[in-house]
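Thanks for coming. I have one structure to show today, so let me put it up and then go through it.

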Amino acid sequence: MAATKTRISSFSRNISAVSAPQLPGIKCGPNGTFFVSSGIPDLDKILGGGFPLGGLVMIMEDAEAPHHMLLLRNFMSQGLVQNQPLLYASPAKDPRGFLGTLPCPSSKDDKSRNHYTEQEKGLRIAWQYKKYFSENQRNIDDHKDSNQEFCNDFDLRKPLEKHFYSGQRVDCVSIKDSPNPATLHDRCATFLAQFPRNDGSFSCMGRIAIQSLCAPQCELSKMDWDMLSFIRSLKSMLRSANAVAIITFPSSLLSPSFCKRWQHMADVLLSVKAIPDEDKELGKLLTGYQDMVGFLNVHKIARINTQVPMILEATTFSIKLQKRRFLVLECLNQAPIDGSSGTSYGTSGGCSGSSRSGALDF
Amino acid sequence: MENRALNLLDEALGLDYQTDPWPLRGKVVLIEDCVETSGCFVLHQLLKRTLSSQSPNNTVIFLAFSHPLSHYDRILRKLGCNLVAQRENGRFFFFDMLKLLCPDEKEGKTGKGGFTALYWKIQNTICALPENNKNHATIMIDDMSLMEVAAHGSSDHVLDFMHYCHTLTSELGCSLIILNHEDIYTSMERPTFMLQTKYLVDVLIKAEPLATGLAADVHGQLTVLNRDFCNVKGSSKNKISNFHFKVKENSVEYFYPGTRT
């Protein structure tokens, strides 16, 4: 019994024997699934490898802040850098204009510099967790070495070079004036038809990014059931295609029961929240508060081909912009309690009741 | 294989008394879950139990609205049940409903065409079964809320379909196992659909997250309400059981709260 405990199984999977995907940007996952990078190294790590190929990722927007755009931009850039075709739909009049705001992968020396400061900062902040930290650091190093092509670091201040998105590979759709989701559905269907899934061979994969589906400025927002059947049919098309789709939607605009229906549709469900400026209580509670721009909540992790849920240690992460360039996600670190100030857990805990009850889990 | 220790879920469903008729025969089982805790695993467990039970007459008709066959096949294979082989044996019928949309929605007869055809397909499948198996069919639906989406929101058609399937349970002794998401309906003022469904149900299984939040070794809790539960002595009453669970690849662990070391 003890022997079986230490060794999980005598049948160890020989990864190299399994048809290794030839495409850069696709990684083998458990249970015959494949991962695609989200464009944010930290998010890939949190989700256990990335977004599942053939999966539907949904992001619930914060009505007051555009943090979902950060995730969307990195996701799109990652695909374009890896030469993957992209379908982008948005309620804007000219969706193509958005491509000019995509971030560019950072160059090598940038990255090492960034890496260095990360290490330095780690020693400064988390000295009491040094032993965990060094281990973590090593993991990151491994990650960076082996998956150089899987996921890039993106520099949010540098725009993506034009040649990445000027070709035929990018398809843009404006959903502003479409009377029903049929047009968008047809565009998605023709786009996905390029990437049929036949097991083992990957010739190409695609990405679909749909921004603010159901936003009030487009007429679609009034057609609850049409939207649901669109999402359902998109999901079933994705299952049989080598593609991944991401949909962001303003959850507060949907009725509660439809919002739940949307959430059930997602394979991966995330939500973003802004941090109110100058929330002093929260600032006292969390280390690194001044660098945070928002919170990311992980509600659901894909469970394709398996029934076992993946349980995370924490579901809330802070979104930080490191040096105003790199998007990083970090676990919330609680600041050491200052004995002299006399604030106890009870009083400082009140902050979670202020604007985002239950958003913080320690 | 069959003599292994029965778990709490089997016990709560009355599967522990290996009586000759399948204990769930003629019953309607509803599995309810929510975004935080998926109840799919209960469906997988019941699918496995039904197909591998001692009575070789059991047949399953599976209406899949949410996943393709490969997904279930992989999961069930780890549980020790080969769906493809069972399908070849004529004991497992998989209806891929991922793309089902009601064809004649424009004529105001939303959903009718699609679901009527589906019902006939089910009935024909059951009628075509060998005589011994006819009374041992199980219809599984994964999941009901997607059926509503396929019907474009006209839950009446889904309810009609349900009632038709329900007649099969009383006429032929089939059982009906449905997965649905409870949290969709909790915010509604009068969740007619939900209430009507629950009215038909004999066994209600509810999967919920722990009130205390996420934990690595307890994935959630199950509440099983078994109406008309017959124990060995023959007296019948409602029975409620409540326990925690942890889902694994090849099994699910069930235990009473606080009994895990």
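How many helices and how many strands make up the secondary structure of chain B? There are eight helices and nine strands. Before going on, please keep in mind that this is a predicted model.

Let me stay with chain B for a moment. It has 261 residues, and 56% of them are buried. Taking the contacts in chain B with a separation of 6 or more, 69% are between residues 24 or more positions apart.

Now the interface. The size of an interface is often given as the accessible area lost when the parts come together. For chain B and chain A, the buried area is about 3,000 Å², and carbon and sulfur atoms give 58% of it. In residues, 44 from chain B are in contact with 30 from chain A.

What about specific pairs? Between the two chains, 14 residue pairs are in polar contact, counting pairs with both residues at pLDDT 80 or more. The rule finds one salt bridge across this interface. That salt bridge joins the side chains of A:Arg261 and B:Glu148, at 3.2 Å from N to O.

Which helices of chain B each supply at least two residues to the side that touches chain A? Those are α2 (40–52), α3 (69–78) and α6 (144–150). By class, this side of chain B has 22 nonpolar residues, 13 polar and nine charged.

That is what I have; comments are welcome.

Conventions:
Residues are numbered from 1 along each chain as its sequence is written. Chains are lettered from A and ligands numbered from 1 in the order in which they are written. This is a predicted model: local features need pLDDT of at least 70, side-chain atom pairs count only at pLDDT 80 or more; totals for chains, interfaces and linings use all residues. Side-chain values use heavy atoms; hydrogens and water are left out. Helices (H or I, at least four residues) and strands (E, at least two) are DSSP runs, numbered from the N terminus. Buried means under 20% relative accessible area, exposed over 50%, partly exposed in between (1.4 Å probe, protein chains only). Contact means heavy atoms within 4.5 Å. Buried area is the accessible area (1.4 Å probe) that two parts lose on being put together, summed over both. A salt bridge is a side-chain nitrogen of Lys or Arg within 4 Å of a carboxyl oxygen of Asp or Glu. A polar contact is a pair of N or O atoms within 3.5 Å; within protein, one must be able to donate a hydrogen and the other to accept it, and residues adjacent in sequence count only if both atoms are side-chain atoms. Ala, Val, Leu, Ile, Met, Phe, Trp, Tyr, Cys and Pro count as nonpolar, Asp, Glu, Lys and Arg as charged, and the others, Gly among them, as polar.
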